[in-house]
Protein chains: 2
Amino acid sequence: MDNTALFQLSYGLYVVTTKGKGRINGQIANTVFQISDTPVRLGVGLNKNNLTNELVKDSGILSVQVLERDVPFDVISRFGFQSGRNVDKFADIAYQTNADGCPILVDGIAAQIDCKVIGAMDVGSHTLFICEMTDAIRNDKTPLTYAQYHERKKNGGALLGAAAAVPEVAPTAPADGTNGKRYQCMICGHIYDEAKEGVPFADLPEDWECPICHVKKKMFTEVK
Amino acid sequence: MDNTALFQLSYGLYVVTTKGKGRINGQIANTVFQISDTPVRLGVGLNKNNLTNELVKDSGILSVQVLERDVPFDVISRFGFQSGRNVDKFADIAYQTNADGCPILVDGIAAQIDCKVIGAMDVGSHTLFICEMTDAIRNDKTPLTYAQYHERKKNGGALLGAAAAVPEVAPTAPADGTNGKRYQCMICGHIYDEAKEGVPFADLPEDWECPICHVKKKMFTEVK
């Protein structure tokens with residue numbers, strides 16, 4: 001069984017925001033899709049370890065914001081590479097609030113789809129929230145796909161079609177005790193680069209998780 | 001509320017096949033996604049009116065085949081624009097069968113993901129099948145996205161980047177009693193072109209459905 005077959009499924013990239021337990025938060029997600037047309041219903045998959053999941057369960061509301069193709073990469077890092085348990089992700093970024101009080105990004109989005117949760121299914125690592133659309137706004141922007149996100153990430157976040165943000169000096173062997181190896185998450189494609197991280201992959205604790213999709217260390221394979 | 005905001009969600013394009021009630025069938029679907037990583041689980045949305053849905057409910061097995069970017073367009077037409085209730089979609093196309101007896105296309109696919117259904121949720125027009133992956137094969141092909149499918153459809157099915165299959169003679173006013181207007185499905189983007197169909201949109205019966213996503217006539221808007 002080749003688990004990398006799952007990489008051939010196509011997704012978009014979204015910021016899912018909510019207001020719950022008296023605070024706001026948001027996270028990156030790729031599992032957002034329409035599951036019924038009459039009535040219009042969406043499925044939204046959120047990792048059970050994430051704060052956003054906890055807040056959505058509390059409030060029953062969320063807003064899906066479709067990231068646009070040229071969204072600044074630090075918007076993705078802000079919402080995807082850190083937890084709202086440690087930082088206020090909305091501290092210094094422009095946002096408005098929708099009728100439910102969910103934060104809505106002012107820039108970088110191709111659509112806003114506000115939802116009311118009408119059901120939730122425990123599907124393993126994630127909860128699949130079944131939602132009814134309560135409001136929707138479409139912007140005249142091209143959506144970013146998950147494949148394009150990976151392409152941009154490989155190029156240091158550069159815009160698609162732009163010259164890659166390559167360092168002027170070619171990388172040399174790391175002087176930090178690592179082997180300079182790279183490991184890729186088989187689920188989301190995230191690269192753990194020892195040379196950048198400064199910690200050999202083998203030394204990461206067993207409960208270490210992919211910072212993007214939160215799977216365990218064993219889901220990584222070395223990039224040859 | 002702008003329902004066209006839903007067009008900004010990204011999908012792939014898949015043939016979902018099954019064996020049930022003593023026969024095989026398959027259909028085009030765009031709602032296939034991974035919903036859990038430990039264990040690996042997928043969500044597959046199938047319209048309740050479709051034969052494939054009925055057969056999957058009977059057998060509890062299905063296979064997702066990821067269409068590749070350059071799949072011949074008639075593979076999409078074969079599985080998407082007609083019903084297995086009227087034709088044998090596998091009558092004259094090369095296929096193998098997997099361990100469960102589901103048909104697997106020999107050509108035009110970027111991955112094959114065999115599944116066992118472990119749950120089903122009635123979500124309105126569609127059933128959302130929750131599946132465990134039982135086998136998977138990845139081919140060295142680029143997957144077709146739903147957006148690319150629409151691009152190809154607009155160009156008469158031509159490959160991406162190829163010259164559009166435009167008629168040599170510019171179209172003139174239709175001589176068939178229609179107004180030559182075009183109507184687009186707000187859900188899947190399908191175009192009903194009066195000039196091609198020969199029947200004015202207004203004359204279609206009220207129970208007429210989008211041939212792609214099966215929504216009702218009222219979900220179409222005129223293309224200006």
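**Figure 1. Contacts and overall build of chain A.** In this predicted model, 59% of the chain A contacts (heavy atoms within 4.5 Å) between residues at least 6 apart in sequence join residues at least 24 apart. Chain A holds 4 helices and 12 strands; these are DSSP runs, H or I of at least four residues for helices and E of at least two for strands, numbered from the N terminus. Its radius of gyration, taken over C-alpha atoms, is 18 Å, close to the 17 Å that the globule rule (2.2 Å times the number of residues to the power 0.38) gives for 224 residues, so chain A is as compact as a globular protein of that length. The C-alpha trace spans about 55 × 35 × 35 Å along its principal axes.

Figure 2. The largest cavity has a volume of about 50 Å³, a volume being the space filled by probe spheres set on the points, which are joined across faces, edges and corners. Its lining (residues with an atom within 4 Å of a point) includes A:Y11, A:F33, B:Y11 and B:F33. Strand 3 (32–36) of chain A and strand 3 (32–36) of chain B each give two or more residues to that lining.

**Figure 3. Helix 3 of chain A and its cover.** Helix 3 (residues 146–154) has A:Y146, A:Q148, A:Y149, A:H150, A:R152 and A:K153 as its buried residues. Their cover includes helix 2 (73–80) and strand 11 (191–193) of chain A. After helix 3 comes A:G156, with a positive phi near 70°.

Figure 4. The peptide bond from A:T38 to A:P39 is cis, with omega near -5°, and A:P39 sits in the loop between strand 3 and strand 4 (41–47) of chain A. In chain B, the B:T38 to B:P39 bond is also cis, omega near -5°. A:K21 isn't a glycine, yet its phi is positive at about 50°; look for A:K21 between strand 1 (14–20) and strand 2 (23–29).

**Notes.** Residues are numbered from 1 along each chain as its sequence is written, with chains lettered from A and ligands numbered from 1 in the order in which they are written. Local features need pLDDT of at least 70, side-chain atom pairs count only at pLDDT 80 or more, totals for chains, interfaces and linings use all residues, and side-chain values use heavy atoms, leaving out hydrogens and water.

Note on methods:
On a 1 Å grid over the protein atoms alone, a cavity is a set of points where a 1.4 Å probe fits but cannot get out, and a pocket is an open set with protein on both sides within 12 Å along at least five of seven lines; lining residues have an atom within 4 Å of a point. Buried means under 20% relative accessible area, exposed over 50%, partly exposed in between (1.4 Å probe, protein chains only).
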